[in-house]
Amino acid sequence: MYSIAYGGELLQLPVGSEGECNIPLAIERWTGLLPSEYYCTQNGRRVSAADHGNLVPDVPLRVCERLPGGKGGFGSMLRAIGAQIEKTTNREACRDLSGRRLRDINEEKRLKAYLEKQQEAEDNERVKAERKIAKLLSKPKHEFHDKEYEHARSELVVAADEAIEEGLQKAIVLEMEQAVKDAVTAEVAVTTKTAADTQAKDSRKRKLPDTKSKKAPAKKGALWLGVGDLSSSSETDDDSTDESSDGAVAKGKLVAV
C-alpha cells in the first residue's frame, strides 16, 4: 500500500486499486495538479511517481509543487557586488562556541591586562617609597666632628635669639614713642580748636560799628503864594547872571509848610 502526503494531508492507496496502479492519475484527481506542476520525493530523494520499481511501499510519497523560475543571472550579480565590497578583518561581532561575542571576550582580556599593569605600577610605587624612606632614615656614611664649628654654631643660635629679642624691645619702644607723639599732637589740635572757637564767640558778642552814612534831612515843601516885584525886562545880562549865581533872588515868595 502506498501513501501520498500533500499539504499536511495523507492519501492511502489500497492494494490492487486503480490509484495504486496509476499514481500520477490518483495525484491529479486528489490535488488537481498536472504531472508538469509537481515532483515527488521519498526519503528526501526525488523519484518518479510512474516508476513503481523505485518506490518503497511503506514510506510516504511527498508531493512538492514546482516554482516558476526566472531568466537567471542573479548569481552573477551577487558575485559582482561581493567583489566590490571591501573585506573586513573585524570579527568582534562573531560568537564563539559558547555563544559569547568575541568583542566582549576581547574587552574582558584587555580589562584584565590593564588591572594587572595597574597593580604592578602600584607595587613599584610602594617599593620606591619604602626605599626612599629607608634611605632618609638611615645614618649618613660620612661623619663630621669639629668642636670649634659646633661651638660657633651654638653661639650663633644664642646670638640670633638675643638679636631678635633686642629688636623686639626696640620696636616696642618706638611704638610707645609714636603713641605719645600722636597723643600730644591730638591734644594740641584740640586745644587750638577750643581757643579758636572761644575767640569766634567773643567776636560775635562785640557790636559792629555803624558804617552807614546818615541820611540828609528831607527838604520841606514850599508853596507859591504869588508874584512879587519882578525885575524889569530892561536889566542887563550881567545882573541876571549875578542873580542866578548867588541864588538869592527869587521869582516868588516861598512859605514853609
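Is Lys170 buried or exposed, and what is its relative accessible area? Lys170 is exposed, with a relative accessible area of 52%, where exposed means over 50%, buried means under 20% and partly exposed covers what lies in between, using a 1.4 Å probe and protein chains only. Before I go on, please keep in mind that this is a predicted model, in which local features need pLDDT of at least 70 and side-chain atom pairs count only at pLDDT 80 or more, while totals for chains, interfaces and linings use all residues. Residues are numbered from 1 along each chain as its sequence is written, and side-chain values use heavy atoms, with hydrogens and water left out.

Side chains of opposite charge can pair when their charged atoms come close. A salt bridge here is a side-chain nitrogen of Lys or Arg within 4 Å of a carboxyl oxygen of Asp or Glu, and by this rule the count comes to 5 salt bridges. Lys170 has such a bridge with Glu166, at 3.8 Å from N to O, and Glu166 is partly exposed at 45%.

Glu108 is partly exposed, with a relative accessible area of 34%, and a network of salt bridges links Arg100, Glu108 and Lys112. Further along helix 4, Asp123 and Arg126 are 3 residues apart, again about one turn of the helix, and their side chains meet in a salt bridge at 3.1 Å, N to O. Both count as partly exposed, Asp123 at 24% and Arg126 at 45%.

Now to the sheet. Which order do the 5 strands take? They form an open sheet in the order 2-1-5-3-4, with mixed pairing, where two strands pair if DSSP finds at least two bridges between them. Strand 2 (9–13) and strand 4 are the edge strands, each pairing on one side only. Strand 1 (residues 2–6) and strand 5 (residues 61–65) pair in the parallel sense over 2 bridges, and Ala5 stands opposite Arg62 in strand 5.

Between strand 3 (38–42) and strand 4 (45–47) there is a loop that holds Asn43. This residue has a positive phi of about 60° although it is not a glycine, and at 56% relative accessibility Asn43 counts as exposed.

Finally, a word on helix 2. In helix 2 (residues 23–31), Ile23, Pro24, Ala26 and Ile27 are buried. These residues cover an arc of only 160° around the axis, which puts them on the same side of helix 2; the arc is that of the directions from the helix axis to the C-beta atoms. Just after helix 2 comes Gly32, with a positive phi of about 80°.

Notes. Helices (H or I, at least four residues) and strands (E, at least two) are DSSP runs, numbered from the N terminus.
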